[in-house]
Amino acid sequence: PPSVPPPFQEATMRTALLGDKDGEKTETDYSFRVNCECTFCEGFGTRPFLYGYVYGILSLLVLYSLAWMLGLTGAAAASSPASTENYGIGVVRGGYRWPSLPMIEPVSRTKFEPEGKGLQSELNMLLGVAIRLKKVVGVNFKVYAVGLYIDPAAARKALKPYKDRNVEALQKTPDFYEKLTNAYGFRRVLELRFLRSVGHDKLRDTFQEGLAVRMRRLQGPKGDVLVNELVSVFTDIKSGQKLIFAVDRGVLSVKVPGKAVVKFPSADLAWAFMDLYFGKNPTVGTEVKEKLIERVPALWNK
């Protein structure tokens, strides 16, 4: 006669409970059953397993809440658009209407006034704002918000060929960005507002790496000398402080908190610095590069 198969074997998911009146281990049977007798499946579904699962979920929620309060953001927040729909009533200067509304960087909520003097006595117009994020273990740290101010009169002359193009078209036009990296172009001021404290060593490393690559391409090993002189100016930056860079007529000027303005009369260094932000492969990322030009159409408002 055909052989009779052995009875169906089930591994029951159980929870071990200690402390009954006899001091012996008792078991509570759960309704989940699997056809596996391995060690993992025996433990799967037990009370210790479920407690560990719940504890893990709660721990992740706590860590995420702490990260949010400490100023960490995900990639989705970084893609929020800056508010540029309305320039305000405007202020007429030189026959053109400057925007009168500030721009607010949406991730950090940092407000940049529509005009500023930067390192000169002349007024500059705000062209765009962005945020610099640093990703660590999959989490984006907010480092600084940055605003680009320009000399609008000189910019109109340099950017006249692009007058009738919208922002989306300009963001995809490489030769437009070459106007921004040109050391002898119109005055440009980058104002970095730090959202967390950064030690001078980290600050130096951040700029030195990108600048050194570009300067060696232009000057060979001699390029390192100028880069080292520039980064030696940096000090510890506290949250809320500003670091200002200005490029005008082939000169790079730097203003560090608590120090006088330092000028570097090197067109190569000026170009290398602007290339960090507006080059074909910007160190700060393409999103920053694109957001810093969002108010270009405002140059020709009347």
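**Loop backbone and helix packing**

Arg109 lies in the loop that connects strand E6 (103-105) to strand E7 (110-112); helices (H or I, at least four residues) and strands (E, at least two) are DSSP runs, numbered from the N terminus. The model is predicted, so local features need pLDDT of at least 70 and side-chain atom pairs count only at pLDDT 80 or more, whereas totals for chains, interfaces and linings use all residues. Residues are numbered from 1 along each chain as its sequence is written, and side-chain values use heavy atoms, with hydrogens and water left out.

Although Arg109 is not a glycine, its phi is positive, at about 60°. Most residues other than glycine have a negative phi. Arg109 is exposed, with a relative accessible area of 58%; here buried means under 20% relative accessible area, exposed over 50%, and partly exposed in between (1.4 Å probe, protein chains only). Arg249, which is not a glycine either, has a positive phi of about 55°. The loop between strand E12 (242-248) and strand E13 holds Arg249, and this residue counts as exposed at 69% relative accessibility.

The helices come next. In helix H6 (residues 174-181), the buried residues are Phe176, Tyr177, Leu180 and Thr181. They cover an arc of only 145° around the axis, which puts them on the same side of H6; the arc is that of the directions from the helix axis to the C-beta atoms. An α-helix has 3.6 residues a turn, so residues three or four places apart point the same way. The cover over the buried residues of H6 includes helix H5 (167-170), strand E11 (188-194), H9 and helix H10 (286-291), where contact means heavy atoms within 4.5 Å.

Helix H8 (residues 223-231) has Gly223, Leu226, Val227, Leu230 and Val231 as its buried residues. Their arc around the axis is only 130°, which places them on the same side of H8. Among the elements that cover them are H7, strand E13 (251-255), strand E14 (262-264) and H9.

How do H7 and H9 pack, and at what angle? Helix H7 (residues 200-219) and helix H9 (residues 267-278) pack at about 130°, with their axes 9 Å apart. Axes are lines fitted to C-alpha atoms, for helices over the stretch in contact, and angles run from 0 to 180 degrees between N-to-C directions. H7 is therefore oblique to H9, since angles under 35 degrees count as roughly parallel, over 145 as roughly antiparallel, 65 to 115 as roughly perpendicular and the rest as oblique.
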